[in-house]
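Keep the sequence at hand as you go.

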Amino acid sequence: MQSLALIETWPVSAAAAAVVRGDGTVVGTYGPVDRTFPLASVTKPLAAYAVLVAYEEGAIDLDEAAGPAGSTVRHLLAHTSGLAFDEHRVTAEPGVRRLYSNAGFEVLGDHVAKATDIPFAEYLRQAVWEPLGMTATALEGGGSPAKDGVSSVTDLARFAAELQAPRLLDPRTVAEAMTVQYPGTKGVLPGYGHQNPNDWGLGFEIRDGKAPHWTGASSSSRTFGHFGQSGTFLWVDPDAELACTVLTDRAFGPWAVEVWPGFTDAVLQEFRRP
């Protein structure tokens, strides 16, 4: 596990990591994997998964109206509703630009809560965390489904296994979530500038040909996942049949831009099957 030990060289006080194969086997861990860290935007894929459970349960439809006029659940999941980053303010027509939006995920949470008559934090617990055994994961204070999650590497490894071999969702729904929504849409990838296109699935960012990017140079174009401003990330590379999650106690910044891609390349080199 030489690749995972690279986190020892990072300018952080604490970090933990895990690598999970496509069959759900955890093949490597490092650091305090049971410690709870703030997730920041790595909360979003967890929230998106709960939205997809609500869709499969028939509580909502992906193409029903939600958010600003003309917007749908699908638009909100794909960051194309037109809502601003952190304000419930419309800045574009739906489907026109990829406007990364915390506000959009807060609208999603409210929409699912209204449709199910269950507070979204509780729905998230019942729909995703509890069945996967994610006992260390929560929305702090029932907060924002965009950014207020806390979790451990042990728990996120369970989620990474679910993403690769779904038990809670039909695999066809998961495949749709990892498929580019509104292809060709431009936008800003936070921390990495303008991307054309800025591809996104249903709550999951899709690597495709983005450059620069937080995953590795050897990551496949089908790699999907999310990173968070608290210095956290989770990616799944379907071609390599591997997933990796890292949680740290230092906010995202130039240090992460520098070390994360090389770390990912080292993980892929060490754990990818011949």
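The paragraphs below take the sheets first, then the helix across them, the ring pairs, the backbone and the pockets.

This is a predicted model: local features need pLDDT of at least 70, side-chain atom pairs count only at pLDDT 80 or more, and totals for chains, interfaces and linings use all residues. Residues are numbered from 1 along each chain as its sequence is written, and side-chain values use heavy atoms, with hydrogens and water left out.

Start with the six-stranded sheet. Helices (H or I, at least four residues) and strands (E, at least two) are DSSP runs, numbered from the N terminus. Two strands pair if DSSP finds at least two bridges between them. An open sheet of 6 strands runs in the order E2-E1-E11-E10-E9-E8, with antiparallel pairing. Strand E2 (26-30) and strand E8 (205-206) are at the edges, each with a single partner strand, so one side of each has no neighbour in the sheet.

E1 and E2 are antiparallel and share 4 bridges. Val19 stands opposite Gly28 in E2. The hairpin of E1 and E2 has 4 residues between the strands, and Gly24 there takes a positive phi near 95°. Further along, E10 and strand E11 (residues 242-248) run antiparallel and are joined by 5 bridges. Leu234 faces Thr245 in E11. In a regular strand, side chains alternate between the two faces of the sheet.

Next comes the other sheet. It is open and has 3 strands in the order E3-E5-E4, with antiparallel pairing. Strand E3 (37-40) and strand E4 (138-139) are the edge strands, and each pairs on one side only. E3 and strand E5 (residues 149-151) pair antiparallel over 3 bridges. The bridge partner of Ala40 in E5 is Gly149.

Which strands does H5 lie across? They are strand E1 (15-21), E2, E9, E10 and E11, and H5 runs at about 25° to E1. Such axes are lines fitted to C-alpha atoms, for helices over the stretch in contact, and angles run from 0 to 180 degrees between N-to-C directions. Contact means heavy atoms within 4.5 Å. Gln164 belongs to helix H5. Leaving aside neighbours within four places in sequence, Gln164 is in contact with Val20, Arg21, Gly22, Val236, Glu241, Leu242 and Ala243. Val128 is 36 residues from Gln164 along the chain, and their C-alpha atoms are separated by 15 Å.

Now the rings. Rings of Phe, Tyr and Trp (its six-membered ring) pair if their centres lie within 6.5 Å; planes under 30 degrees apart count as stacked, over 60 as edge-to-face and the rest as tilted. The count comes to 16 aromatic pairs. In one of them, the ring centres of Trp10 and Phe263 are 5.2 Å apart and the planes stand at 70°, so the pair is edge-to-face. This pair links distant parts of the chain: Trp10 is in the segment before E1, Phe263 is in helix H7 (residues 254-271), and 253 residues separate them.

The backbone has some details to check. Asn196 and Pro197 are joined by a cis peptide bond, with omega about 0°. Pro197 sits in the loop between strand E7 (193-195) and E8. The peptide bond from Ala211 to Pro212 is also cis, with omega near 0°. Pro212 lies in the loop between E8 and E9. His79 is not a glycine, yet has a positive phi of about 60°. The loop between helix H2 (73-77) and helix H3 (102-116) holds His79.

Finish with the pockets. On a 1 Å grid over the protein atoms alone, a pocket is an open set of points where a 1.4 Å probe fits, with protein on both sides within 12 Å along at least five of seven lines; lining residues have an atom within 4 Å of a point. Grid points are joined across faces, edges and corners, and a volume is the space filled by probe spheres set on the points.

The largest pocket has a volume of about 320 Å³. Of its 19 lining residues, the closest to its centre are Met178, Arg222, Phe224, Val236 and Pro238. Helix H5 (153-164), helix H6 (171-177) and strand E10 (232-237) each supply at least two lining residues. H6 gives the largest share, 3 residues. The lining divides into 11 nonpolar, 4 polar and 4 charged residues. Here Ala, Val, Leu, Ile, Met, Phe, Trp, Tyr, Cys and Pro count as nonpolar, Asp, Glu, Lys and Arg as charged, and the others, Gly among them, as polar.

The second largest pocket holds about 160 Å³ of space. It is lined by 15 residues, and Ser41, Tyr100, Pro190, Phe227 and Gln229 lie nearest its centre. Strand E9 (residues 224-228) gives the most to this lining, with 3 residues.
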